[in-house]
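Student: Could we go through this model together, and could you tell me what stands behind each term you use?
Tutor: Gladly; here it is.

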Amino acid sequence: MAPILSVRDLSVTFDVRRPGSWPWTPPRPLHAVSEVTFDLAPGECLGIVGESGSGKSTLARAIIGTIPSSGGNIFFEDHDLANMDPRQRRVHRRDVQMIFQDPLAALNPRMTVGEIIAEPLITHEPGTPRKEVKARVGALMDRVGLLPNLINRYPHEFSGGQCQRIGIARALILKPKLVICDEPVSALDVSVQAQVINLLMELQRDMGLSMIFIAHDLSVVKHISDRTLVLYLGRVMEMADSHKLTTAPEHPYSQALISSVPIPDPVLERARPRPILEGELPSPLAPPSGCVFRTRCPKVQSSCAQDRPALEDIGGNHLVACPYHEAERVLAVGT
């Protein structure tokens with residue numbers, strides 16, 4: 001089956017000036033995303049994980065078009081979104097929607113819930129009768145777990161979980177083909193997180209959505225995603241089936257991320273290996289030469305400073321960017 005989304009060597013670079021520098025001082029390039037490549041099949045959910053500053057949200061915003069890419073291609077149903085002008089891209093904008101991290105900040109406080117959810121529909125289908133717009137908004141509110149009689153209330157009258165349900169309804173009103181979820185549950189309580197995750201899974205199944213799910217919590221990513229992509233300093237370290245990656249990670253960075261997730265069984269928690277990441281995430285203004293993870297890698301070799309490792313398929317569509325990889329069997333996340 002042909003992928004619905006194909007990202008090829010996507011890079012995003014920002015020009016950054018030092019504080020207090022002279023106006024004529026040339027800016028320094030900040031490489032937020034570097035040569036990321038992956039495919040997304042119809043109906044598939046791809047999880048993206050990594051530390052803060054790894055480029056997860058930047059990658060998502062480049063795909064959806066809120067920030068420009070500096071290189072590479074974004075093929076959505078064979079249309080290269082990265083090389084379209086804004087007018088051409090508008091045609092495809094309705095098919096790619098985004099759910100944001102902060103549910104309240106993503107909603108206009110001056111608009112009612114009904115107006116917020118209906119806005120994309122009115123923008124892209126201006127000829128839709130008002131009665132039909134209201135009916136579709138009410139039906140979608142009911143589908144995401146909001147009472148339709150709340151349609152005239154404002155965002156500040158809702159809890160964080162309810163605001164995120166409003167954001168989900170707004171993203172789905174146009175019946176998109178791809179939804180990008182940028183840490184949609186990180187600002188919610190644990191019990192509410194489970195409700196929102198289960199809702200997203202139901203909607204994906206019922207509507208046949210393709211999804212990119214960004215999160216810090218690997219147990220959540222394993223639960224919702226089919227495959228997982230691990231980012232570090234804007235580069236792909238590993239990509240594999242979610243169950244395989246969380247039980248037998250190959251890259252040292254993936255192993256460290258998975259070991260940091262606690263298991264609610266003290267016996268199992270003490271028994272599993274615990275590789276520890278040392279040091280801080282390097283600045284993307286001055287990334288390390290060769291392998292960007294080498295300054296914190298417990299398996300670093302002298303050649304790591306010269307050679308930039310390429311993603312290699314080690315079997316079963318398991319991609320690893322480390323020539324010295326070694327599978328480490330760990331207890332499954334969320335066990």
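Predicted model: local features only at pLDDT ≥ 70, side-chain atom pairs only at ≥ 80, totals over all residues.

Student: What makes a residue count as buried, and what share of the chain is buried?
Tutor: Buried means under 20% relative accessible area, exposed over 50%, and partly exposed in between, with a 1.4 Å probe and protein chains only. Buried residues make up 47% of the 335 in the chain.

Student: How do you know that the length of helix α6 agrees with its residue count?
Tutor: Helices are DSSP runs of H or I with at least four residues, strands are runs of E with at least two, and both are numbered from the N terminus. The expected span is 1.5 Å times one less than the number of residues. For the 18 residues of α6 (190–207) that is 26 Å, and the end C-alpha atoms are 26 Å apart, so the two agree.

Student: Why do you say that the buried residues of α6 line one face?
Tutor: They are Gln 193, Val 196, Ile 197, Leu 199, Leu 200, Leu 203 and Gln 204. The arc is that of the directions from the helix axis to the C-beta atoms. Here the buried residues fall within 160°, so they line one face of α6.

Student: What makes a space a pocket rather than a cavity?
Tutor: On a 1 Å grid over the protein atoms alone, a cavity is a set of points where a 1.4 Å probe fits but cannot get out, whereas a pocket is an open set with protein on both sides within 12 Å along at least five of seven lines; lining residues have an atom within 4 Å of a point. The largest pocket has 21 lining residues, with Ile 64, Gln 97, Met 98, Phe 100 and Arg 170 nearest its centre.

Student: Which residues lie nearest the centre of the second largest pocket?
Tutor: Gly 114, Ala 118, Ile 122, Arg 130 and Val 133, out of 15 lining residues. Helix α3 gives the largest share of that lining, five residues.

Definitions and conventions: Residues numbered from 1 in each chain as written. Heavy atoms only, no water.
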